[in-house]
Amino acid sequence: MNEMTQTDRLNKGGYLVGGLVLIALGTLFLLDEFDIASFGSLIRRHWPLIVIAFALPKLLRRETFWSGLWTLTAGVWFQLVVLRVFGLTWRNSWPLMLIALGGGIILRTIMEVAAARARSRHEI
């Protein structure tokens with residue numbers, strides 16, 4: 001059986017970022033409970049940053065790059081809509097996600113074809 005090292009396990013799941021996000025959230029909720037800081041309005045306006053934070057470590061690994069890119073794209077879209085940047089709402093901005101999805105599929109295909117060609121040149 002192939003044993004995974006501790007470093008592999010930590011890198012694979014992005015546990016460091018996940019742990020830091022949970023600590024930050026717990027700290028903010030605790031401050032809110034003790035009436036030291038108001039966290040409710042902050043979380044209502046910036047919850048998509050949590051999605052973005054979980055996407056970042058995925059972007060650093062070849063195996064999870066594309067899922068990280070999609071998670072990042074969704075997080076950015078969520079944040080733009082929640083803040084109503086450029087007047088975006090859920091209702092008027094969903095076509096942007098279709099465009100991003102189509103563009104991502106084309107980009108991934110082009111990159112995979114280019115990588116396959118480069119591998120075949122090196123085999124000759």
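This is a predicted model: local features need pLDDT of at least 70, side-chain atom pairs count only at pLDDT 80 or more; totals for chains, interfaces and linings use all residues.
Where is the place of Leu 56? I looked this up before anything else. Leu 56 sits in helix α4, residues 48-59.

**Entry 1: Leu 56**

I checked the accessibility of Leu 56 next. The relative accessibility is 42%, so I put Leu 56 down as partly exposed. I then took a C-alpha to C-alpha distance.

**Entry 2: the fold as a whole**

I counted the secondary structure elements. The protein has six helices and zero strands. Along the sequence the pattern reads α-α-α-α-α-α.

I looked up how much is buried. Of the 124 residues, 18% are buried. The accessible surface comes to about 9,600 Å². Carbon and sulfur atoms hold 67% of that surface.

I also looked at contact range. Among contacts with a separation of 6 or more, 47% join residues 24 or more positions apart.

**Entry 3: α4 against α5**

How far apart are the axes of α4 and α5? I find 8 Å, with a packing angle of about 160 degrees. That makes the two helices, α4 and α5, roughly antiparallel. The cut-off for that label is an angle over 145 degrees. The crossing of α4 and α5 is left-handed.

I listed the residues that meet. By class, the contact of α4 with α5 divides into 13 nonpolar, five polar and one charged residues.

**Entry 4: α2 against α4**

I turned to the other helix that packs on α4. The axes of α2 and α4 are 9 Å apart, at an angle of about 160 degrees. I therefore logged α2 and α4 as roughly antiparallel. The crossing of α2 over α4 is right-handed. From α2, the contact takes Val 17, Gly 18, Val 21 and Leu 25. From α4, the contact takes Ile 50, Ala 53, Phe 54 and Pro 57. By class, the contact of α2 with α4 has seven nonpolar residues, one polar and no charged.

**Entry 5: α5 against α6**

Which residues of α5 and α6 make the contact? I took the geometry before the list. Helix α5 covers residues 65-82 and helix α6 covers residues 90-123. Their axes are 11 Å apart, and the angle is about 160 degrees. The pair α5 and α6 is therefore roughly antiparallel. α5 passes α6 in a right-handed crossing.

From α5, I listed Trp 66, Trp 70, Thr 73, Ala 74, Trp 77, Phe 78, Val 81 and Val 82. From α6, the list includes Trp 90, Ser 93, Trp 94, Met 97, Ala 100 and Leu 101. Further along α6, Gly 104, Ile 105, Leu 107, Arg 108 and Met 111 join the contact. By class, the contact of α5 with α6 has 15 nonpolar, three polar and one charged residues.

**Entry 6: the loop between α5 and α6**

Thr 89 is in the loop between α5 and α6. Is Thr 89 buried or exposed? I find 18% relative accessibility, so Thr 89 counts as buried. The cut-off for buried is under 20%. Leaving aside neighbours within four places in sequence, Thr 89 touches Val 81 and Arg 84.

Arg 84 lies in the loop between α5 and α6. Arg 84 is exposed, with a relative accessible area of 55%. I flagged the backbone here: Arg 84 has a positive phi of about 55 degrees, and Arg 84 is not a glycine. Most residues other than glycine have a negative phi.

**Entry 7: Asp 35**

I found a positive phi at Asp 35 as well, about 55 degrees, although Asp 35 is not a glycine. Asp 35 is in the loop between α2, residues 15-33, and α3, residues 40-46. With 70% relative accessibility, Asp 35 counts as exposed.

Notes. Residues are numbered from 1 along each chain as its sequence is written. Side-chain values use heavy atoms; hydrogens and water are left out. Axes are lines fitted to C-alpha atoms, for helices over the stretch in contact, and angles run from 0 to 180 degrees between N-to-C directions. Helices (H or I, at least four residues) and strands (E, at least two) are DSSP runs, numbered from the N terminus. Angles under 35 degrees count as roughly parallel, over 145 as roughly antiparallel, 65 to 115 as roughly perpendicular and the rest as oblique. A crossing is left-handed if the near helix is turned anticlockwise from the far one by less than a right angle, and right-handed if clockwise. Contact means heavy atoms within 4.5 Å. Ala, Val, Leu, Ile, Met, Phe, Trp, Tyr, Cys and Pro count as nonpolar, Asp, Glu, Lys and Arg as charged, and the others, Gly among them, as polar. Buried means under 20% relative accessible area, exposed over 50%, partly exposed in between (1.4 Å probe, protein chains only). Accessible areas come from the Shrake-Rupley method with a 1.4 Å probe; for residues, only the protein chains shown count as cover.
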